[in-house]
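Open the model in your viewer and keep the selection tool at hand. The stops below say what to select next and what is there.

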Amino acid sequence: MKIICIGRNYVEHARELNNPLPSKPVFFMKPDSSLLINNNPFFLPDFSNEIHYEAEIVLKISRLGKNIQKQFAHRYYSTLGIGIDFTARDLQDACKKAGHPWEIAKSFDQSAVINRFIPLASVPDPLAINFQLDLNGKTLQKGNTRDMIFSFDEIIAYISTFITLKTGDLIFTGTPSGVGPVKTGDHLVASVEEQVLLDFYVR
Ligand code: ZN
């Protein structure tokens with residue numbers, strides 16, 4: 001399986017990092033070795049001094065598809081979760097400055113945190129999904145998918161023009177504003193429509 005992540009999909013987040021708004025989805029990938037599951041602790045890597053959390057709605061692809069048209073894209077996913085796209089912001093800033101790919105900042109071990117998935121049909125409005133991240137009991141990110149620049153279906157249509165999507169692939173759909181650093185001992189709790197789906201510690 002593969003993990004595809006959308007960057008800059010919420011206006012306020014693009015602005016907080018001084019990034020221009022994209023006219024097409026910006027995406028990058030993480031390997032399967034970056035997965036952290038089962039609410040296991042995240043261990044701060046020693047190659048970065050600035051690991052940021054980014055809470056994102058994650059779609060799980062449910063069937064094989066290539067060149068998927070936007071109007072059929074909804075047939076390719078039926079469950080969603082919430083994940084953390086851990087980012088070595090200091091390394092990413094250096095990559096950006098040098099015009100290099102982001103892999104060392106985005107694809108390291110444990111950088112893709114997921115846990116429980118729920119049926120899309122179980123949320124009140126699949127086009128306006130509320131989600132949030134609490135850090136040590138304080139809500140630091142609050143998002144609603146209606147604020148995405150590119151919808152789930154637009155993202156899937158775009159990605160699948162380049163890359164075949166397979167059952168079990170994950171798509172991180174972008175983070176709202178409020179990203180920031182984590183430190184040892186931090187407790188992260190992420191929820192969708194007030195249902196906690198992810199709950200883990202930084203060690
Ligand atoms: Zn992200």
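What follows is a tour by selection, one region at a time.

**Before starting**

This is a predicted model, in which local features need pLDDT of at least 70 and side-chain atom pairs count only at pLDDT 80 or more, while totals for chains, interfaces and linings use all residues. Residues are numbered from 1 along each chain as its sequence is written, and side-chain values use heavy atoms, with hydrogens and water left out.

**Stop 1: the zinc ion**

Select the zinc ion together with E54, E56 and D85. These are its protein donors, through OE of E54, OE of E56 and OD of D85, at 1.9 to 2.1 Å from the ion. Donors here are N, O and S atoms within 2.8 Å of the metal (3.2 Å for Na, K and Ca); water is not among the atoms, so sites may look incomplete. Along the chain the donors follow the spacing E-x1-E-x28-D. Are E54 and E56 buried or exposed? Both are buried; that word means under 20% relative accessible area, with exposed being over 50% and partly exposed in between (1.4 Å probe, protein chains only).

**Stop 2: the cavity**

One cavity of 30 Å³ or more is counted, and the volume of the largest cavity is about 100 Å³. Of the 17 residues that line the largest cavity, these five, G7, R8, H13, E54 and K106, are the closest to its centre. A cavity is a set of points, on a 1 Å grid over the protein atoms alone, where a 1.4 Å probe fits but cannot get out; lining residues have an atom within 4 Å of a point. Grid points are joined across faces, edges and corners, and a volume is the space filled by probe spheres set on the points. Now select α2 (89-98) and β1: these elements each give two or more residues to the lining. The largest share, three residues, comes from α2. Helices (H or I, at least four residues) and strands (E, at least two) are DSSP runs, numbered from the N terminus.

**Stop 3**

Select β6, where seven of the nine residues are buried. Strands count as paired if DSSP finds at least two bridges between them.

- β5 pairs with β6 in the antiparallel sense over seven bridges, and I57 stands opposite I82.
- β9 (residues 117-119) is antiparallel to β6 over three bridges, with T79 opposite P119.
- β8 (residues 112-113) is also antiparallel to β6, over two bridges; V113 is the bridge partner of I84.

**Stop 4: a three-stranded sheet**

Select β7, β4 and β13. In that order they form an open sheet with antiparallel pairing. The edge strands, β7 (87-88) and β13 (180-181), each pair on one side only. Between β4 and β7 there are two bridges, and I51 has A88 as its bridge partner in β7.

**Stop 5: a hairpin**

Select β14 and β15, which run antiparallel and are joined by six bridges. A190 has L198 in β15 as its bridge partner. The two strands form a hairpin with two residues between them, and E193 in the turn has a positive phi of about 50°.

**Stop 6: the nonpolar cores**

Select L80, I84, F86, I156, I171, L188 and V192. These have the most contacts inside the largest nonpolar core, which has 48 residues. Such a core is a set of buried Ala, Val, Leu, Ile, Met, Phe, Trp, Tyr and Cys residues joined through side-chain atoms within 4.5 Å. Among the elements that supply at least two residues each are β1 (3-7), β6 (77-85), α4 (152-159) and β14 (187-192). A second, separate core of eleven residues includes I3, F28, C95 and W102.

**Stop 7**

How many disulfides are counted? The count is zero, where a disulfide is a pair of cysteine sulfur atoms within 2.5 Å. The sulfur of C5 has its closest cysteine sulfur in C95, 15 Å away, so the two are too far apart for a bond. C5 is buried at 0% relative accessible area, and C95 is buried at 7%.

**Stop 8: two loop residues**

Select Q110, in the loop between α3 (103-106) and β8. Its phi is near 70°, a positive value in a residue other than glycine, and Q110 is buried at 18% relative accessible area. Finish at N136, in the loop between β10 and β11 (138-144). N136 has a positive phi of about 55° and counts as partly exposed, at 41% relative accessibility.

How values were computed: 1 Å grid on protein atoms, 1.4 Å probe; cavity = no way out; pocket = protein on both sides within 12 Å on 5 of 7 lines; lining within 4 Å.
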